[in-house]
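Here is a short briefing on one protein model and its ligand. Read it with the structure open.

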Amino acid sequence: GLSSRLQSVFSKLRGKGKLTEDDVNEALREVRLALLEADVNFKVVKEFIAKVKEQAIGQEVLQSFTPAMVVVDIVNKELTALMGGTQSKLARANKPPTVIMMVGLQGAGKTTTTGKLAKLLLQQNHRPLLAAGDIYRPAAIKQLQVLGEQLKVPVFSLGDKVSPVEIAKQALQHAKDHNNDYLIVDTAGRLHIDESLMDELKQIVEAVSPDEILLVVDAMTGQDAVNVAESFHKQLELTGVVLTKLDGDTRGGAAISVKAVTGCPIKFAAMGEKLDALEPFHPERMASRILGMGDMLTLIEKAQASIDADKAKEMERKLRTAEFTFDDFLEQMEQVKKLGPLDQLLDMLPGAGKIKGMKDVKVDDKQMSRVAAIVKSMTKEERQNPDLLSPSRRKRLAAGSGNSVQDVNRFIKQFEDMRKMMKQFSGMMGPKGAKQLKN
Ligand code: GDP
Ligand code: MG
């Protein structure tokens, strides 16, 4: 992928110490290739390389003590600038409700993102209303209603016989009448951009004057995503883009080119099908993720949102005083799980690419649930006191959890090691740990 390509270019540079102009030129040639292969728009690549080169070939850089690091830093800054520089926040109406309209091709993730966005707003104590404006796709209304039920967020629908324009209008009135401070209008998509779709969307825009028109695009479609964004922007004057399916995007090109080509900022990134897999898009974090520097800030934010601070403190205390039991272990594991799938978590840690590549280090979710099954087969006393685990008891645990006795033995032996790992995790999650990482 793009990340590993770039990382190897830079590690070659770092190995050199003092750099010559030729070294930099050669590295930038490889960066250029890596970007093109990642499906970044050709013009964008050209301008990007020119900008980086101009700065990197300068005397101060080549003469500096750490020229390779300075070059990486320049690439990082330019990449960040390319993706919009700073985070672009969701607009807010002076007079509520703030109206957000979701547009995009069929299957891009509009409806799913509507749910995810509602969840983010709920977490900020807002009162969103969702409007079911896709009357064409069978079951589209139902899909939104199911999401609404899950989130306990109201969904406004007039069935599939009333026009989407009318639905949007009445939904806006409903939001006003019911004190909803956000209205998110889900709309229909087509497989391709066509006149009638655009006309309908324009009429909705006219009817409810959205504060945000968010285009949802599938990042996996690379350059196509950028082309789609360009066409929609010409017709509708988008206010922002949501990139979905970044979890499956091995090439990353769309994230890099969308802003540069359309001028439209990426406001959110979606990295999974679940409702909590939506994050505000931070250009600087995306850049460092692409460059393999990890994304500690996102991780810390997620940790702080989902980890109970009091519990984390109590865990830390237990770890320090060696009172940590199998029960605590289970609980801690649940907390770590809340942060998301482990491999996704590892993606965010600096240098984690290496850990994942190592064959004998298994940190997958399956492994975690097998281990959880062992603990769940223990009695209350056994969970508190590992010394009770005699061979016959271990046999029972193996049978009860569907593991071999060797698996059980290995796990109990590893328990000590895991304590250490958990100690690191809980250190990071506590307020003190987070501060350390930010500095
Ligand atoms: P719509 O036609 O634009 O409303 O698209 P949907 O919201 O119905 O989503 C289409 C499919 O893409 C569904 O199966 C979603 O679960 C899936 N999807 C949406 N966002 C993401 C994402 O960020 N990652 C992944 N892997 N799948 C997603
Ligand atoms: Mg939909």
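Among contacts in the protein between residues at least 6 apart in sequence, 73% join residues at least 24 apart. The model is a predicted one. Its secondary structure comes to 22 helices and eight strands. Of the 439 residues, 49% count as buried. The accessible surface is about 22100 Å², and carbon and sulfur atoms hold 51% of that area.

**Ligand 1**

- The shell around ligand 1 has 18 residues, and Gly107, Lys110, Thr112, Arg137 and Glu273 come nearest.
- By class, this shell has eight polar, six charged and four nonpolar residues.
- Helix H6, residues 110–123, gives the most to the shell, with four residues.
- Threonine 112 places a polar side-chain atom 2.5 Å from an oxygen atom of ligand 1.
- Glycine 109 works through its backbone: an N or O atom there lies 2.9 Å from a ligand oxygen.
- Alanine 270 also has a polar backbone atom facing the count, at 3.4 Å from an oxygen atom of ligand 1.
- On its own, ligand 1 has 580 Å² of accessible area, and the protein covers 81% of it.

**Nonpolar cores**

- In soluble globular proteins, nonpolar side chains tend to be buried together.
- The largest nonpolar core here has 79 residues.
- Val31, Phe48, Leu79, Val103, Leu183, Phe232 and Ile256 touch the most other members of that core.
- Helix H5, residues 67–82, gives the most to this core, with seven residues.
- Which residues does isoleucine 256 touch, not counting residues up to four places away in sequence? They are Leu2, Leu35, Val40, Leu79, Leu82, Met83 and Ile290.
- Another core, of 23 residues, lies apart from the largest one, and its members include Ala108, Leu147, Leu151 and Ile184.

**Backbone exceptions**

- Most residues other than glycine have a negative phi, and most peptide bonds are trans.
- Proline 96 and proline 97 are joined by a cis peptide bond, with omega at about 5°.
- Proline 97 lies in the loop between H5 and strand E1, which spans 98–103.
- Asparagine 125 is not a glycine, yet its phi is positive, at about 65°.
- The loop between H6 and strand E2 (128–133) holds asparagine 125.
- Is asparagine 125 buried or exposed? Its relative accessible area is 71%, so asparagine 125 is exposed.
- Lysine 245 also has a positive phi, near 60°, in a residue other than glycine.
- Lysine 245 sits in the loop between strand E6 (240–244) and helix H11 (253–262).
- With a relative accessible area of 29%, lysine 245 is partly exposed.

**Threonine 98**

- Threonine 98 is found in strand E1.
- Why does threonine 98 count as buried? Because its relative accessibility is 2%, and buried means under 20%.
- Leaving aside neighbours within four places in sequence, threonine 98 is in contact with Ala91, Arg92 and Ala93, and with Asp181, Tyr182, Leu183 and Asp211.
- One of these contacts, Leu183, is also among the residues that touch the most other members of the largest nonpolar core.

**Arginine 396**

- Arginine 396 is found in helix H20, residues 391–401.
- Its relative accessibility is 36%, so arginine 396 counts as partly exposed.
- Not counting residues up to four places away in sequence, arginine 396 touches Ser377, Met378, Thr379 and Glu382.
- The side chains of arginine 396 and glutamate 382 are joined by a polar contact of 2.8 Å.
- The arginine 396 side chain also reaches the backbone oxygen of serine 377, at 3.2 Å.
- How many residues apart in sequence are arginine 396 and methionine 102? They are 294 residues apart, and in space the two are 54 Å apart, C-alpha to C-alpha.

How values were computed:
Residues are numbered from 1 along each chain as its sequence is written. Chains are lettered from A and ligands numbered from 1 in the order in which they are written. This is a predicted model: local features need pLDDT of at least 70, side-chain atom pairs count only at pLDDT 80 or more; totals for chains, interfaces and linings use all residues. Side-chain values use heavy atoms; hydrogens and water are left out. A residue is near a molecule or strand if one of its heavy atoms lies within 4 Å of it. A polar contact is a pair of N or O atoms within 3.5 Å; within protein, one must be able to donate a hydrogen and the other to accept it, and residues adjacent in sequence count only if both atoms are side-chain atoms. Accessible areas come from the Shrake-Rupley method with a 1.4 Å probe; for residues, only the protein chains shown count as cover. Helices (H or I, at least four residues) and strands (E, at least two) are DSSP runs, numbered from the N terminus. Ala, Val, Leu, Ile, Met, Phe, Trp, Tyr, Cys and Pro count as nonpolar, Asp, Glu, Lys and Arg as charged, and the others, Gly among them, as polar. Buried means under 20% relative accessible area, exposed over 50%, partly exposed in between (1.4 Å probe, protein chains only). Contact means heavy atoms within 4.5 Å. A nonpolar core is a set of buried Ala, Val, Leu, Ile, Met, Phe, Trp, Tyr and Cys residues joined through side-chain atoms within 4.5 Å.
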